[in-house]
Amino acid sequence: MEDFIIDLWGKYIQDWGYLILFVWSILEGELGLIFAGIAAHTGDLNVFLAIFIAGLGGFTGDQIYFYLGRFNKSNIQKKFSSQRRKLALAHLLLQKYGWSIIFIQRYMYGMRTIIPISIGLTRYSAVKFAIINLISAWIWAAITILLACYFGKNILELLLWFKNHPYILLILLIIFSGGVWYYFKTQTKRVDKRLDKLSQEIQTKEKM
């Protein structure tokens, strides 16, 4: 999907850049924000309008996940049976940290879709979630796009270098993918321990 959007971005940024950015942001694309920052650096997009549009896209995406959990509980629990550990972790994090977990979930790799869905499964206020989600989405967009805009020249030079040395990019991708696989494989037991610890803390707090 992202390859298709990248291709559209290159061809139609002048005419449809903001619309593509909006859709890309719904699909939780940090890469889209980086591209938007570079486009702002080159003058193809207005940086402030790009932040506004990207924030709305990120907000829309999380609202969709939230209402999927809110109005489709039985199907969600079946389809996400393999993600039960993450759903349980998201629920415990919400109980422990409250609204702040909504704010920082965008920066939690592997949890960005799970947390809104998990919150939707609870009785958490939809209005409160929407407000925090919107503010969080705009901050998320602003940080990423402004950084990409500021370092736009360096990013373009790096992309050009990788274009001339594609084998190095392939090696880095293999190393990164292997690292991600190893991380999730070795963290399984730690996540289970954290779940047990958080569960015990919450139960103790409720008894008090």
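This briefing walks through the helices, cores, aromatic pairs and surface of the structure above.

The model is predicted, so local features need pLDDT of at least 70, side-chain atom pairs count only at pLDDT 80 or more, and totals for chains, interfaces and linings use all residues. Residues are numbered from 1 along each chain as its sequence is written, and side-chain values use heavy atoms, with hydrogens and water left out.

**Overall layout**

- The protein chain has ten helices and zero strands; helices (H or I, at least four residues) and strands (E, at least two) are DSSP runs, numbered from the N terminus.
- Reading along the sequence gives the pattern α-α-α-α-α-α-α-α-α-α.
- Of the 208 residues in the protein chain, 35% are buried; buried is under 20% relative accessible area, exposed is over 50%, and partly exposed is in between (1.4 Å probe, protein chains only).
- Take the contacts (heavy atoms within 4.5 Å) between residues at least 6 apart in sequence: 79% of them join residues at least 24 apart.

**The nonpolar cores**

- As a bit of background, nonpolar side chains in soluble globular proteins tend to be buried together.
- Here, a nonpolar core is a set of buried Ala, Val, Leu, Ile, Met, Phe, Trp, Tyr and Cys residues joined through side-chain atoms within 4.5 Å.
- The largest nonpolar core has 16 residues, and the ones with the most contacts inside it are Leu21, Leu33, Ile51, Ala54, Ala141 and Ile145.
- Helix H1 (2-26), helix H2 (30-42), helix H3 (47-71) and helix H8 (126-150) each give two or more residues to this core.
- H8 supplies the largest share of this core, at five residues.
- Another core lies apart from it, with 15 residues that include Leu94, Ile117, Ile119 and Tyr124.
- Leaving out residues up to four places away in sequence, Ile51 touches Trp138, Ala141, Ala142, Ile145 and Leu146.

**Aromatic pairs**

- The structure holds six aromatic pairs; rings of Phe, Tyr and Trp (its six-membered ring) pair if their centres lie within 6.5 Å, with planes under 30 degrees apart counted as stacked, over 60 as edge-to-face and the rest as tilted.
- Phe66 and Tyr67 make an edge-to-face pair, because their ring centres are 5.1 Å apart and their planes are at 90°.
- Phe66 and Phe129 are stacked, because their ring centres are 4.5 Å apart and their planes are at 15°.
- Phe66 is buried at 0% relative accessibility, and Phe129 is buried with a relative accessible area of 0%, while Tyr67 is partly exposed at 34% relative accessibility.
- Phe66, Tyr67, Phe71 and Phe129 form one aromatic cluster.

- Ser118 sits in helix H7 (residues 114-120) and is buried, at 3% relative accessibility.
- Setting aside residues up to four places away in sequence, Ser118 touches Leu87, Ala90 and His91.
- Ala90, for its part, lies in helix H5 (residues 84-97) and is buried, with a relative accessible area of 1%.
- Ala90 and Pro116 are 26 residues apart along the chain, and their C-alpha atoms are separated by 8.6 Å.
- Ser136 belongs to helix H8 and is buried, at 1% relative accessibility.
- Not counting residues up to four places away in sequence, Ser136 touches Ile102, Phe103 and Arg106.
- C-alpha to C-alpha, Ser136 is 9.1 Å from Gln105 in space, and the two are 31 residues apart in sequence.

**The surface**

- The protein chain exposes about 13,000 Å², and carbon and sulfur atoms supply 65% of it; accessible areas come from the Shrake-Rupley method with a 1.4 Å probe, and for residues only the protein chains shown count as cover.
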